[in-house]
Amino acid sequence: MTTPRPRQIAVVGAGITGSVLAMRLADRGHAVHLLERRPDPRAMTADGDRSINLALSHRGLQSLERVGLADAVRANGIPMRGRMIHDMSGSRTFSPYGIVPEHHLLSVSRSGLNRLLVEAAGQRPGIELSFDHHVTDIDLDAVEIDAQVTGGGTRRARYDAVFGADGAYSAVRQRLQRTASFDFEQDFLEHGYKELTVPADAEGAFVMEPEALHIWPRGSYMLIALPNVDGTFTCTLFWPLEGHGSLATDADAALATLRRDFADAVGLMPQLDTEWREHPVGTLLTTRCEPWNLGGRVLLLGDAAHAVVPFYGQGANAGLEDVTLLMDDLDRHDDWAQAFDHFARTRKPHADALAQLALDNYVEMRDHVASRWFLMGQSVERGLHRLLPHRFIPLYTMVTFTSTPYGDAVRRAHRQMMVIRLAAILVGLVVVAVIALLLRLVL
Ligand SMILES: Cc1cc2nc3c(=O)[nH]c(=O)nc-3n(C[C@H](O)[C@H](O)[C@H](O)COP(=O)(O)OP(=O)(O)OC[C@H]3O[C@@H](n4cnc5c(N)ncnc54)[C@H](O)[C@@H]3O)c2cc1C
């Protein structure tokens, strides 16, 4: 394979996906212009970092490893070794995520991670960072980008290729939507979310078990809490957006339900009323679109290509894995049109599989995890995995702790379940036959 010539590249969006993508491309000798509509996070105080916590896992960490940042991220995260389920009476049950210590999630602050990535990108030769640059339009033929610069003025520049890593409401994708044969759909969840805080105690220590993802499943709504390195927990309440006691319309009724159904958690939230008033309500959506690329000139990655609801903890992990897979395709094809095309066609079915997994897991997290049957099923799965580590791998393990493509993991999990059901039927038949035989002998 010949060495590809260096190209002038625009990456739109200096989020998690865009920052890592910019570094990987710059490491290959390309000139990368990273455009971000927000102000430079490096100039902000640490207080501005309080936001969503991410559960990072294998796919994300592998991608960070390739830009030499996995250890730095690990040092700023807290391992979560399982779910801590809180029932209505305040009792807690711990259910491990896996069978070995490496089977844990890493709780990190999304804005903290983003800041670390931007800092690293800023130190990489070959990357020009432009904050306060809101991309407003793209000439797809000339590959020219128009950006509105905060404070006044516009900027236009020409590139060899444009990568849209600009999130769920991507401007790059919106431009592609105006081309022929581009399919796009978005589905908003009927539930939104609000972030709340459980502070540390007077000594700065955690007031709940730190190495766990806490869940208060309550049927049609739920609360989760992820630990932070400063001893606090960031809690996220997932709640209906409409109707009586909804997040958006009826604060008093919602707070009353919260105090009734999450009494042990609310008891640890002295700032509840203030945070409830001040923290915005977030919405959650799934997007599906196709094709993700326009020849070798434009490509969508991360949430811009496939936003998913957060209930499998995979959105950021999937965006980071996109970058790893794209680099593999760029290694295989000198022609970027072929590389983009192969990446987009082969990755899309797995992104769709993840979208469905994430939707299904919402029901599991807010409802099923509380049931004894669910916990028993999880123990059986762990037992089988321990007994037959290469033959039986739980779906959650494949998705979270391996690089098995999402769709392959789902198909394998279905096959495994069929074998287990068949085995259960066979065992049942044998038991009935033995009982029948014994009855004949005795009676
Ligand atoms: C409540 C919640 C919890 C989550 N939990 C997890 C989790 O546990 N694990 C996990 O893996 N994922 C989780 N996610 C998903 C994760 O946050 C996203 O998948 C991830 O942030 C996507 O990264 P991205 O870089 O592709 O997009 P984004 O993070 O959205 O970044 C896009 C960037 O592009 C910029 N931009 C947008 N438009 C323009 C424009 N026109 N011009 C220039 N710049 C622009 C934006 O300002 C932003 O910086 C969660 C999401 C939510 C909402």
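A word on ground rules. This is a predicted model, so local features need pLDDT of at least 70 and side-chain atom pairs count only at pLDDT 80 or more, while totals for chains, interfaces and linings use all residues. Residues are numbered from 1 along each chain as its sequence is written.

**Around the ligand**

The ligand has 33 residues around it, and Gly13, Gly15, Gly167, Gly302 and Gly315 come nearest. Being near here means that a residue's C-beta atom, placed from the backbone, lies within 6 Å of the molecule. Two or more shell residues come from each of helix H1 (16-27), strand E3 (53-56), strand E9 (133-139) and helix H10 (315-332). Helices (H or I, at least four residues) and strands (E, at least two) are DSSP runs, numbered from the N terminus. H10 gives the most, with 4 residues.

**The loop between E8 and E9**

Phenylalanine 131 sits in the loop between strand E8 (127-130) and E9. It touches Glu36, Arg38, Pro39 and Asp40, leaving out residues up to four places away in sequence; contact means C-beta atoms, placed from the backbone, within 7 Å. Proline 39 is 92 residues from phenylalanine 131 in sequence, yet their C-alpha atoms are 5.3 Å apart. Phenylalanine 131 counts as partly exposed because 18 other C-beta atoms lie within 10 Å. The cut-offs are 20 or more such neighbours for buried, 12 or fewer for exposed, and partly exposed in between, with C-beta atoms placed from the backbone.

Aspartate 132 is in the loop between E8 and E9 too.

| Residue | Phi | C-beta neighbours inside 10 Å | Class |
|---|---|---|---|
| Aspartate 132 | about 55° | 15 | partly exposed |
| Serine 181 | about 65° | 6 | exposed |

Serine 181 belongs to the loop between helix H5 (171-176) and strand E13 (183-188).

And which residues does a cis peptide bond join? They are glutamate 290 and proline 291, with omega at about -5°. Proline 291 lies in the loop between strand E18 (285-290) and strand E19 (293-294).

Note on methods: Two residues are in contact if their C-beta atoms, placed from the backbone, lie within 7 Å.
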